Amino acid sequence: MTHPAVRLAAISDAPLSVAAVLDALDDPGAGGLVLFVGRVRDHDGGKGVQGLGYSAHPSAVERLRDVCDRIAEQYDVTALAAVHRVGDLAVGDLAVVVATTAAHRGSSFDASRALIDTLKAEVPIWKHQLFDDGSEEWVGAP
C-alpha cells in the first residue's frame, strides 16, 4: 500500500509540469517545501550534448513508488512527489521533478535530497545521450 504522504509518483512521456507537482503537494500544515528540477544540460564529460532520450524498464513506475514510500517512511514529511520524463528531450527540457513538504525546512531538504539520490540509484531509467561530435552514450544501462 502506498504511504499517504506520497501524492504523486509517475513516469511520463509528456513534458513535466512544476506547477502540477506543487499543486499535488498543497498542504496548509507544510511550512517548508523543497523542489528539485533536473534539466537536460548542453554538455557532459567535456562534450556538447545535442539532446537525449530516456527509456524506462516496465517495472520503473513500481520501483519509483517503492522509493517514494521508503523516503516517506524514513523522513518526517507531510507530502512528496516525484515525476520522471521518458522519450526524446532537448537541451533545457525538464527530465525529473521531485519535491517534499514538511512542517519545517530541514526535514524537507533532507527528504528531497534522499528522494532524488535514491531515484537516480534505484529506478531503472536509462539515458541515451547524443553528442555534437556525432558520438552517443548510454548512461545507467545494465
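## Basis of the model

The model is predicted: local features need pLDDT of at least 70, side-chain atom pairs count only at pLDDT 80 or more, and totals for chains, interfaces and linings use all residues. Residues are numbered from 1 along each chain as its sequence is written, and side-chain values use heavy atoms, with hydrogens and water left out.

Helices (H or I, at least four residues) and strands (E, at least two) are DSSP runs, numbered from the N terminus. Two strands pair if DSSP finds at least two bridges between them.

Strand 8 spans residues 125–131 and is mostly covered. Six of its seven residues are buried. Buried means under 20% relative accessible area, exposed over 50%, and partly exposed in between (1.4 Å probe, protein chains only).

Strand 8 pairs with strand 4 (residues 47–56). Seven bridges join the two, and they run antiparallel. G53 has H128 as its bridge partner in strand 8. For Y54, the partner in strand 8 is K127. Strand 8 also pairs with strand 9 (residues 136–139), antiparallel, through four bridges. Here H128 stands opposite W138.

Strands 8 and 9 form a hairpin with four residues between them. In the turn, G134 has a positive phi of about 90°.

## Strand 4 and its other partners

Strand 4 pairs with strand 3 (residues 43–44) as well. That pairing is antiparallel, over two bridges. H43 stands opposite G48 in strand 4. Strands 3 and 4 form a hairpin with two residues between them. G45 in the turn has a positive phi of about 60°.

Strand 6 (residues 87–90) is another antiparallel partner of strand 4, joined by four bridges. L52 has L89 as its bridge partner in strand 6. In a regular strand the side chains alternate between the two faces of the sheet.

## Helix 2

Helix 2 covers residues 60–74, 15 residues in total. From its first C-alpha to its last, helix 2 reaches 21 Å, close to the 21 Å expected at 1.5 Å a residue. The expected span is 1.5 Å times one less than the number of residues.

The buried residues of helix 2 are A60, L64, V67, C68, D69, I71 and A72. Their cover includes strand 1 (6–12), strand 4, strand 5 (79–85), helix 3 (105–122) and strand 8.

## Salt bridges

A salt bridge is a side-chain nitrogen of Lys or Arg within 4 Å of a carboxyl oxygen of Asp or Glu. By this rule the count comes to four. One of them joins the side chains of R7 and D27 at 3.5 Å, N to O. This pair links distant parts of the chain. R7 lies in strand 1, and D27 in the loop between helix 1 (18–24) and strand 2, 20 residues apart. R7 is partly exposed, with a relative accessible area of 34%. D27 is partly exposed too, at 21%.

Another bridge joins D44 and R41, with the closest N and O atoms 2.8 Å apart. R41 counts as partly exposed because its relative accessibility is 42%. D117 and R113 also form a salt bridge, with the closest N and O atoms 3.5 Å apart. D117 and R113 are four residues apart in helix 3, so about one helical turn separates them. D117 is partly exposed at 42%, whereas R113 counts as exposed at 59%.

## Surface patch

L22, L33 and L35 make a nonpolar surface patch of about 210 Å². Patches are made of residues with over 30% relative accessible area and no salt bridge: like charges are joined within 9 Å, nonpolar side chains (Val, Leu, Ile, Met, Phe, Trp, Tyr) within 5 Å. Accessible areas come from the Shrake-Rupley method with a 1.4 Å probe; for residues, only the protein chains shown count as cover. L33 lies in strand 2 (residues 32–39). L33 counts as partly exposed because its relative accessibility is 40%.

## S135 in the loop

S135 lies in the loop between strand 8 and strand 9. S135 is partly exposed, with a relative accessible area of 24%. Contact means heavy atoms within 4.5 Å. Leaving aside neighbours within four places in sequence, S135 is in contact with K47, Q129 and L130. S135 and K47 are 88 residues apart along the chain, with 9.5 Å between their C-alpha atoms.
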